Amino acid sequence: ESANCLSSSSVIDMVEDGRGTKWIGTAAGLDILDSEYSSFTHFDLHRNPDTPVNPYIGRLLEVPAAGTLIVGTGGAGVFVIDSETRQELPEKRETVNRTLHTDYIHTLFLDASGRLWILPGDSKPVVLDAITLEPANGLAWSPELQKAGDLIRVNDMAEDPVTGDILLGSTEGLLLLKAGSGLIRKASGRRAATTVGASVIFDSQTASGEERLFLVGNEDGGLLHFDTETEEVRTALVSSIRQDRPASWWRRNPVSASPTWDSAPAGCRARTIPSSRTSMRTARTCGSPRTAAACSAGRRPAAASGRPSACSRGTTPPSTTTQSSP
């Protein structure tokens with residue numbers, strides 16, 4: 001390690017390990033943030049002579065059970081660091097890199113079964129045991145995907161924390177690894193099998209219901225829901241409220257053929273801001289603690305005067321986002 005400022009103003013990824021160490025991955029190397037003194041220490045990665053001096057750090061991932069930090073780079077492969085001693089582990093790095101066909105790492109993912117998924121930028125994932133860093137056992141690709149070979153590029157992946165099902169967004173459609181099956185295959189749904197998922201997360205809002213849904217970001221199809229039961233996708237109809245600061249609320253309404261804004265609590269007035277999409281959301285800023293409490297409970301407080309407030313009237317804007325302010 002050497003004392004220095006932030007290696008680059010372009011910060012790509014960050015992770016705080018179990019010991020509270022904050023690792024910062026930048027476009028020009030790896031840094032450690034000392035929050036107490038607001039200073040940075042540059043971590044010198046020992047590299048091969050033909051790799052970049054300060055490699056682009058694309059992804060950081062802690063493996064708590066192994067006490068290691070996995071560092072994925074753009075052009076220098078993978079580095080492995082002991083989180084406790086902050087020492088690089090060159091033997092483990094060599095073990096990982098000999099399984100890779102490229103030095104450019106797109107994404108790192110740790111599943112609940114202790115498997116480390118390394119997603120290169122131009123081929124299908126390499127799956128390792130996160131402790132030994134040797135190839136993981138018990139996984140296979142379906143015959144259809146084996147034919148595609150390295151033409152498969154996995155963009156992102158996510159896991160259902162309850163069932164253990166894993167969904168992979170790839171250039172060959174949505175891929176599914178059902179818990180306990182060991183087989184990575186295409187989703188059986190017709191549309192899902194051709195959906196190129198750029199980003200995938202498990203939808204925790206559905207975790208308490210009967211459906212187990214993943215949210216899939218698709219460049220051409222917007223936001224989709226993938227149902228693990230039917231293995232098909234559909235347009236994600238999201239209706240939820242989130243608070244971003246005290247007494248300020250955002251509501252996102254399902255998209256319909258003739259979308260109508262839900263009425264907001266009285267005591268707010270509406271203004272519109274342009275939106276490039278038809279998905280809609282309403283922000284409410286309630287002007288008093290009593291009004292804020294009513295907003296939180298979903299009740300409509302009485303208007304201050306006999307006239308209905310701007311927020312209490314439903315509106316149907318064409319393609320706009322409505323933000324309410326006091």
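## A four-stranded sheet

Four strands, in the order S6-S7-S8-S9, make up an open sheet with antiparallel pairing. Its edges are strand S6 (56–63) and strand S9 (87–88), each of which pairs on one side only. The model is predicted.

Strands S6 and S7 run antiparallel, and seven bridges join them. Strand S7 spans residues 68–74. Within this pairing, Arg59 stands opposite Gly72 in S7.

## A helix on the sheet

Helix H1 covers residues 90–97 and packs on the sheet. The helix touches strand S8 (78–82) and S9. The direction of H1 makes about 150 degrees with that of S8.

The charged end of Arg93 sits over the ring of Phe79. The distance to the ring centre is 3.9 Å.

## Aromatic pairs

How many aromatic pairs are there? The count comes to two. One is formed by Trp23 and Phe43. Their centres are 5.7 Å apart, and 65 degrees separate the planes. This pair is edge-to-face. It links distant parts of the chain: Trp23 belongs to strand S3 (residues 22–26) and Phe43 to strand S5 (residues 39–43), 20 residues apart. Trp23 has a relative accessible area of 0%, so this residue is buried. Phe43 is buried too, at 4% relative accessibility.

Phe202 is buried, with a relative accessible area of 13%. Phe214 counts as buried at 0%.

## Two loop residues with positive phi

Leu133 is found in the loop between strand S12 (126–129) and strand S13 (140–141). Its phi is near 65 degrees, a positive value in a residue other than glycine. Is Leu133 buried or exposed? Leu133 is buried, because its relative accessible area is 3% and the cut-off is under 20%.

Glu231 also has a positive phi, near 55 degrees, and is not a glycine. Glu231 lies in the loop between strand S20 (222–227) and strand S21 (232–235). With 8% relative accessibility, Glu231 counts as buried.

Notes:
Residues numbered from 1 in each chain as written. Predicted model: local features only at pLDDT ≥ 70, side-chain atom pairs only at ≥ 80, totals over all residues. Heavy atoms only, no water. Buried < 20%, exposed > 50% of the residue type's maximum accessible area, 1.4 Å probe, protein only. Pairing = 2+ DSSP bridges. Contact = heavy atoms within 4.5 Å. Axes fitted to C-alpha atoms, helices over the stretch in contact; angles between N-to-C directions. Phe/Tyr/Trp six-rings, centres within 6.5 Å; stacked < 30°, edge-to-face > 60°. Lys NZ or Arg CZ within 6 Å of the ring centre and 35° of its normal.
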